[in-house]
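Please consult the sequence and the structure below before reading on.

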Amino acid sequence: MTTATAELLTVPEVMARLKLGRSTVYDLIRSRRLVSITIGRSRRVPADAIRDFIDNQIEEAD
């Protein structure tokens, strides 16, 4: 999937998918463990970034 066609999620959508709280999601973004972009004043997370984050978490657990 190219960046132009990537699905962009809001922070509340990321919270729901990862079952995490708002501050935790923003901490992951701030620490650059979860990739995000800013459009105007809105923060968006590519759906691919969530998959990458989960994959990295699984690798770290091994």
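Contact here means heavy atoms within 4.5 Å, and buried means under 20% relative accessible area, exposed over 50% and partly exposed in between (1.4 Å probe, protein chains only). The model is predicted: local features need pLDDT of at least 70, side-chain atom pairs count only at pLDDT 80 or more, and totals for chains, interfaces and linings use all residues. Residues are numbered from 1 along each chain as its sequence is written, and side-chain values use heavy atoms, with hydrogens and water left out.

**Helix α3**

- Helix α3 (residues 47-61) comprises 15 residues and reaches 22 Å from its first C-alpha to its last, close to the expected 21 Å (1.5 Å times one less than the number of residues).
- Its buried residues are A47, A49, I50 and F53.
- They lie on the same side of α3, because they cover an arc of only 160° around the axis (taken from the directions from the helix axis to the C-beta atoms).

**Residue R51**

- R51 is located in helix α3 and counts as partly exposed, at 44% relative accessibility.
- Between R51 and L34 there are 9.8 Å in space, C-alpha to C-alpha, and the two are 17 residues apart in sequence.

**Packing of α1 against α2**

- V11, P12, V14 and M15 in α1 meet R22, V25, Y26 and I29 in α2.
- The residues of this contact comprise seven nonpolar, no polar and one charged.

How values were computed
Helices (H or I, at least four residues) and strands (E, at least two) are DSSP runs, numbered from the N terminus. Ala, Val, Leu, Ile, Met, Phe, Trp, Tyr, Cys and Pro count as nonpolar, Asp, Glu, Lys and Arg as charged, and the others, Gly among them, as polar.
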